[in-house]
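Me: I have a model open and want to go through it chain by chain. Can you take some questions?

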Amino acid sequence: MNGLNPNAASQAAGALESGYNFAYLDEQTKRMIRRGLLKAVAVPGYQVPFGGREMPLPYGWGTGGMQLSAAILGADDVLKVIDQGADDTTNAVSIRRFFARTAGVATTTRTPEATVIQTRHRIPETPLHGEQILVFQVPIPEPLRFIEPSETETRTMHALGDYGVMHVKLYEDIATFGHIATSYAYPVTVDERYVMDPSPIPKFDNPKLHMSPALMLFGAGREKRLYAVPPFTEVVSLDFADHPFAVQRWEENCAFCGSHDSYLDELIVDDAGSKRFVCSDTDYCMQRREPFEPQQEVGQ
Amino acid sequence: MSKLIEVAGLSKTFTLHQQHGVVLNVLRELSFSVAAGECLVLHGHSGAGKSTLLRTLYGNYLPAGGSIRLRHRDAWLELVGATPRQILEVRRQSLGYVSQFLRVIPRVSTLDVVMEPALARGWSKIDAEARGKQLLTRLNIPEALWQLAPGTFSGGEQQRVNIARGFMVTWPLMLLDEPTASLDEANRQVVLELIGEAKAAGAALIGIFHDRAAREAVADHYLDMTPATPAPQEYCYAG
Amino acid sequence: MSAAELIHGAAVELDQPLFSVHDLTRLYGPEKGCQGVSFDLYPGEVLGIVGESGSGKSTLLSLLSGRCAPDRGQVSYRGKDGAMLDLYAASEAQRRTLLRTEWGFVEQNPRDGLRMGVSAGANIGERLMAQGVRHYGQLRAAGIDWLQQVEIDPMRIDDLPRTFSGGMQQRLQIARNLVSSPRLVFMDEPTGGLDVSVQARLLDLLRGLVRDLDLAVVIVTHDLAVARLLADRLMVMRRSHVVEAGLTDQILDDPQHPYSQLLVSSVLQP
C-alpha cells in the first residue's frame, strides 16, 4: 500500500469494494473540485463555489470535507480522520472506513504518518509537516453571515474588504462578558486580505493556522463552498489592541498523559460530579502515554 | 455720511395663483438711501406696504424689479437676484431684523434664542451668554424665565425677547418692524435707548413706528409710502 | 467682534462647493422619478427638499447618495483631501467608503439604519471599527460621548436598540452616523414616524449638531415646519421637476410657483 511504517498504516477494514470509482466520486467531479482548490490556494481565504455532489450521508456529517478528500486522495496516500480530536468517534470511523472501501487507501491514527487528515473541529496537537494536507469539515463558511443575511451583500463586503462588522461581534462579546467570549470559529484575516471562518475549531487552534507548513483545505458541503490556506501563510486572529487575542488555558493537566499544553476536554466521571480533564487529541495523548508501542486502529 | 443702503426703482408684486391669478402691486418704483448713523422711518397708513418693504429688503419677499444695494464686507452687494447663500451671509453679518413677533422654536430656552445670532457669528458661548443676560436684564425679563422656552410667555415678553435677540450683535444695517408696539413706557424707553446706541455706533436703520413719540425720538428722515392711486385689492393683502 | 468671528467669516468666504449636482435625471415613467436637478451645496448648508408623496424626493435622495445610478447627470463631491470626486465614475468601494466616513445617511425608519441585533454601543462604534479603530476603550468612550450628545442615558450603551423608543432609536441612528465626523448627511424624513413632542426634541438636537459640526445636510421632508426650522434653502418638487428653489423663508412666505403657493397654503401655520 505504501512505504511507511506498516504497523501504523494498518490494513483497512474490509476489502476494496468493487463498483465504485476510486474514492467514490467520478473523475469529472474530482477535476472540477481540484480546479476549485487551485483557485482557493491561489486566493487564500477566498470562498470558491463548487458543484457539490450528493454524498451517501447527510449534510452536517462532513460531506464537504469528504468531497475535498476524495478529490485529492491518491492510491498511496495515508488517511487519518478525526472528529473533535478523536479518531474513534462514529463520524471519524465511518469516514475512514468509507475511503478504505471506496479508494483502498491506507488509514492511520498516527498524525505524523498521515498524508491527508480530514478533521472536524480540531487541528492535531502534533505539529504538521509540509507533506501533509489538512481537510476541514465546515458547516457555515461565511464569517459575515451572523450579521448579514444577504449573500450578495457579503460577497460585496469581501470584495471591498468591508470588514468593520467583524469587530462589532467582538465588541459585543467584550460589552457583554468583559472579554472576547467567542471561543470557537474565531474569525481570522488570511494573508492580510480575506476574513475567513476557520470552521468551528477552538480558538486554541487558531495559532496553528499561522505559517503552517501543511496545506489547509476547507470544504462546506451544504453551502457548496471551498477555501484554502496555503502553506506558510499569515493567519491573524481578529482582536482589539486593549483586548488582544488569547487562547484557552487550563489549570489542570491531562488525567491520562499529564500534558499541560494541549486542548483539554472536561469529563464528568461519576454521579458526584467529579471532573477530570483529558486531551481532546486522542492520538497525541496515546503517543505521550506509550511512546514506543505501535498503535492499533481503535474503534473497529 | 457714507451710504449703507441704496434702493432704486424697487417694486414688489404678489401673484395669487390660488385666487384666479390676481396680481397685487404693493411696492412701485421705490427709491431711497440711508447713511450710517441715520434712521429712516416708513410713513403711511395701514396697508401702504411698509412691512412688505422691510420684508423685501430682508430677502423674505422676492422683489419684482429694481435694485437693493447694501454695504457688506466693505463692498456693495446687489440683493436683488442674490443667491440664498449670499443673503444668509448678509443676514448673519450685515443686516439685522427686529419684528414684534417671535418665531418660537420648541424646547429652546429664552437665553439660547437670544444668543443665537452671536453663536452664528462664531462667538464663544461665554461671551454670548454674558451679552445675552445683560440684554434680558435691561429689557426686564425676570431671570427665572431665562432657561424656559418662550412659547408660553405673554405677548409683551415674547416681543422683548425678540428685541434682545435683534440687538444681540451689532449690525451695520437694521430693519425695525414696530419694535415698540404694545410695550409699556419703561420698556419702550429701553428699546429707544438701544436704537439710539445702534445709531451712535454708526448703524443705518429703517423702521416702522406707529407710536408718534417713538417715531419722533428716532427719525432722521421719513419715506412717504402712501400710494398715489391705491388699487382696492392692495388693501386686502398688504400690511 | 471676536477673533473667532473673523476666522469663521474668512473660512466661509473661501469655501468652495462641497457637493455639485448637474442635470440629474432618473425616470421610471413619464414624470415619475426626478429630472433636470442641479444645485451646489456648501459646507454647513442645509438644503430641504419638499413636495408631496411621489414627487421624486426619495428618488433624488437615492441618486445624490450614490445608492442608484442616474439616467443622466453628474454629482461631484469635494473630499476632505480637497479633490473633486465624480460620484458615478467612482468605484463602488469609493462610494461605500464615503457613505461610512465623510457622509451619513439617516433613514426615515431607524430599523433600516440601525443594526437591531447588536447593542447601542456597537451601533455607534461600527463606523469607527470599519475605519480601523482597534481599541475597545476608545470605542467605548466614543459610544458614551455620542449617547450623551444625542441625549440618551449612557447607562443604556449595552442595551439593544429594540428596547428603545422610536425617538431614541432615531437619535441613536443619528449618533451612529455622526460618530465618524461626516461633512455631508442625507436625511429622509428623519422626524417622520415620531410624536410631535419627540419631533421637537429631535429637531432641536439636529439644529444644534448642524451648527456645531458645520454639517452640510440634504433633508427630504414633507413637513414644512421641519423645513423652516432646519433648512437654509428649499427645493420644491412636483411630478419629478424642481418647480421652485430658494431661501427657505422666502419660499414659505412668498412662494412664486402656483404649486408652491398651494403647498404653503395647505398647511396650518408652517
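Reply: What follows covers the chains, how they touch, and a few local spots; the model is predicted.

Me: Start with chain C. How many helices and strands does chain C have?

Reply: Chain C has 11 helices and 10 strands.

Me: What share of chain C is buried?

Reply: Of its 270 residues, 57% count as buried. The accessible surface of chain C is about 10,800 Å², and 50% of that belongs to carbon and sulfur atoms.

Me: And contacts in chain C between residues at least 6 apart in sequence: what percentage join residues at least 24 apart?

Reply: The figure is 66%.

Me: Switch to chain B. What is its secondary structure?

Reply: Chain B has 8 helices and 9 strands. Its radius of gyration is 18 Å, close to the 18 Å from the globule rule for 239 residues, so chain B is as compact as a globular protein of that length. The C-alpha atoms of chain B fill a box of roughly 50 × 40 × 35 Å along the principal axes.

Me: Which chains have the most contacts between them?

Reply: Chains B and C, among the 2 pairs of chains that touch. Chain A and chain B have no contact, and their closest C-alpha atoms are 34 Å apart.

Me: Back to chain C. How many residues of helix 5 of chain C are buried?

Reply: 10 of the 11 residues in helix 5 (residues 120-130) of chain C are buried, so the helix is largely enclosed by the rest of the structure. Among them are C:Asn123, C:Glu126 and C:Arg127.

Me: What covers the buried residues of helix 5 of chain C?

Reply: The cover includes helix 5 (164-177) of chain A, plus helix 3 (92-100), strand 6 (103-106), helix 6 (136-149) and helix 7 (166-178) of chain C.

Me: What happens just after helix 5 of chain C?

Reply: C:Gly132 takes a positive phi of about 105° there.

Me: Chain A, then. What does the domain assignment give for chain A?

Reply: It gives domain 1 (6-143 + 185-232) and domain 2 (249-300). The centres of domain 1 and domain 2 of chain A, taken over C-alpha atoms, are 24 Å apart.

Me: Where is A:Ala272? Is A:Ala272 buried or exposed?

Reply: A:Ala272 is in the loop between strand 11 (264-268) and strand 12 (275-279) of chain A. A:Ala272 is exposed, with a relative accessible area of 71%. From A:Ile147, A:Ala272 is 125 residues away in sequence and 42 Å away in space, C-alpha to C-alpha.

Notes:
Residues are numbered from 1 along each chain as its sequence is written. Chains are lettered from A and ligands numbered from 1 in the order in which they are written. This is a predicted model: local features need pLDDT of at least 70, side-chain atom pairs count only at pLDDT 80 or more; totals for chains, interfaces and linings use all residues. Side-chain values use heavy atoms; hydrogens and water are left out. Helices (H or I, at least four residues) and strands (E, at least two) are DSSP runs, numbered from the N terminus. Buried means under 20% relative accessible area, exposed over 50%, partly exposed in between (1.4 Å probe, protein chains only). Contact means heavy atoms within 4.5 Å. Accessible areas come from the Shrake-Rupley method with a 1.4 Å probe; for residues, only the protein chains shown count as cover. The radius of gyration is taken over C-alpha atoms; the globule rule is 2.2 Å times the number of residues to the power 0.38. Domain bounds come from an automatic or database domain assignment.
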